[in-house]
Amino acid sequence: MTGQRSGRSSTYRERNSTADRALDILSLFDDRRLVLGGQEVADALGVARSTAYRYLQSLVSSGFVEEQKPAGYRLGPRVFELARLARKGLGLSEVSLPVMEELKESVGETVLLTRRTGSAVVCLERVESDHSVRISYERGHVLPVNAGASALALLAWAPPEEIGRLVGDDDLPQFTETTVTETGPLLERLEAIRKDGYAISRGELDADVVGIAAPVRDADGDVVAAVSIAALSRRLPPAKERSVIVAVVAAAETIGDQLRMLAS
């Protein structure tokens with residue numbers, strides 16, 4: 001009996017170790033590394049190349065990665081299917097997309113739907129503008145929590161203790177000369193956003209981009225997402241900002257109203 005228990009325990013530990021390695025490999029993909037080589041994976045995991053290939057082939061067989069010729073691996077169809085299900089499970093996409101389309105037609109700029117997950121902000125949906133020069137945020141794009149209108153709109157209504165945990169060390173990442181990286185000024189900024197009911201960012205994440213965002217509230221009144229526009233600064237001069245702010249806030253309120261109707 002003892003030997004059987006030990007065998008089961010060993011198998012369980014091995015299975016968890018393999019799962020951890022698989023997650024480590026999937027986490028290596030980012031905007032700069034859309035294709036990974038076997039040796040690159042081996043080096044990142046600190047394992048032999050043959051071991052890395054074994055993990056990769058397991059991911060290939062389950063559809064999480066696929067081979068990219070002549071040599072390398074990219075994310076597979078199973079990842080995209082899970083991403084689709086994750087967005088659908090939120091219930092936000094189906095409600096938000098028609099409203100986002102209307103907002104895009106109204107203001108003529110790219111519209112984003114974002115949600116905060118811990119210390120990062122994830123782009124759930126994007127409705128692209130018709131301009132030839134486009135903003136590069138994609139669905140699934142991960143944004144920092146301290147820069148950009150959508151991130152600030154989401155952070156502003158987070159619980160105070162969580163805000164303190166996320167921005168309380170005066171060592172926040174800086175992306176442009178105007179990124180707010182110190183705790184005191186950022187907390188003052190968040191207070192102003194709560195008072196105004198929206199966030200506006202001018203060149204704080206990308207130097208030439210203006211963002212305007214408003215919070216989306218669910219049936220309980222909790223902020224569950226943000227709807228925002230992102231535009232090149234030359235297309236959104238200060239004289240035009242007020243009308244865009246009004247449109248963005250109205251869109252966020254419409255999405256929230258529809259979420260509350262679904263919940264009733």
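A residue counts as buried when its relative accessible area is under 20%. In this predicted model, buried residues account for 42% of the chain's 264 residues. The chain holds nine helices and eight strands.

**Chain overview**
- The accessible surface comes to about 14300 Å², and carbon and sulfur atoms hold 51% of that area.
- Take the contacts between residues at least 6 apart in sequence: 52% of them join residues at least 24 apart.

**Nonpolar cores**
- The largest nonpolar core has 30 residues.
- Leu-103, Ile-212, Val-216, Val-227, Ile-229 and Val-248 touch the most other members of this core.
- Two or more residues each come from helices H5 (92–107) and H9 (238–263), and from strands E3 (110–117), E4 (120–127), E7 (209–217) and E8 (223–232).
- H9 is the top contributor, with eight residues.
- Another core of 24 residues lies apart from this one; among its members are Val-145, Leu-166, Val-167 and Ala-213.

**Contacts of Ile-212**
- Leaving out residues up to four places away in sequence, Ile-212 touches Ala-149, Ala-199, Ile-200, Val-227, Ser-228, Ile-229, Leu-236, Glu-241, Val-244, Ile-245 and Val-248.

**The H5–H9 pair**
- The axes of H5 and H9 come within 10 Å and cross at roughly 160°.
- Angles over 145 degrees count as roughly antiparallel, so H5 is roughly antiparallel to H9.
- The crossing of H5 past H9 is right-handed.
- From H5, the contact uses Leu-92, Val-95, Ser-96, Val-99, Leu-103, Ser-106 and Val-107.
- From H9, the contact residues include Lys-240, Val-244, Ala-247, Val-248, Ala-251 and Thr-254.

Key: Residues are numbered from 1 along each chain as its sequence is written. This is a predicted model: local features need pLDDT of at least 70, side-chain atom pairs count only at pLDDT 80 or more; totals for chains, interfaces and linings use all residues. Side-chain values use heavy atoms; hydrogens and water are left out. A nonpolar core is a set of buried Ala, Val, Leu, Ile, Met, Phe, Trp, Tyr and Cys residues joined through side-chain atoms within 4.5 Å. Buried means under 20% relative accessible area, exposed over 50%, partly exposed in between (1.4 Å probe, protein chains only). Helices (H or I, at least four residues) and strands (E, at least two) are DSSP runs, numbered from the N terminus. Contact means heavy atoms within 4.5 Å. Accessible areas come from the Shrake-Rupley method with a 1.4 Å probe; for residues, only the protein chains shown count as cover. Axes are lines fitted to C-alpha atoms, for helices over the stretch in contact, and angles run from 0 to 180 degrees between N-to-C directions. Angles under 35 degrees count as roughly parallel, over 145 as roughly antiparallel, 65 to 115 as roughly perpendicular and the rest as oblique. A crossing is left-handed if the near helix is turned anticlockwise from the far one by less than a right angle, and right-handed if clockwise.
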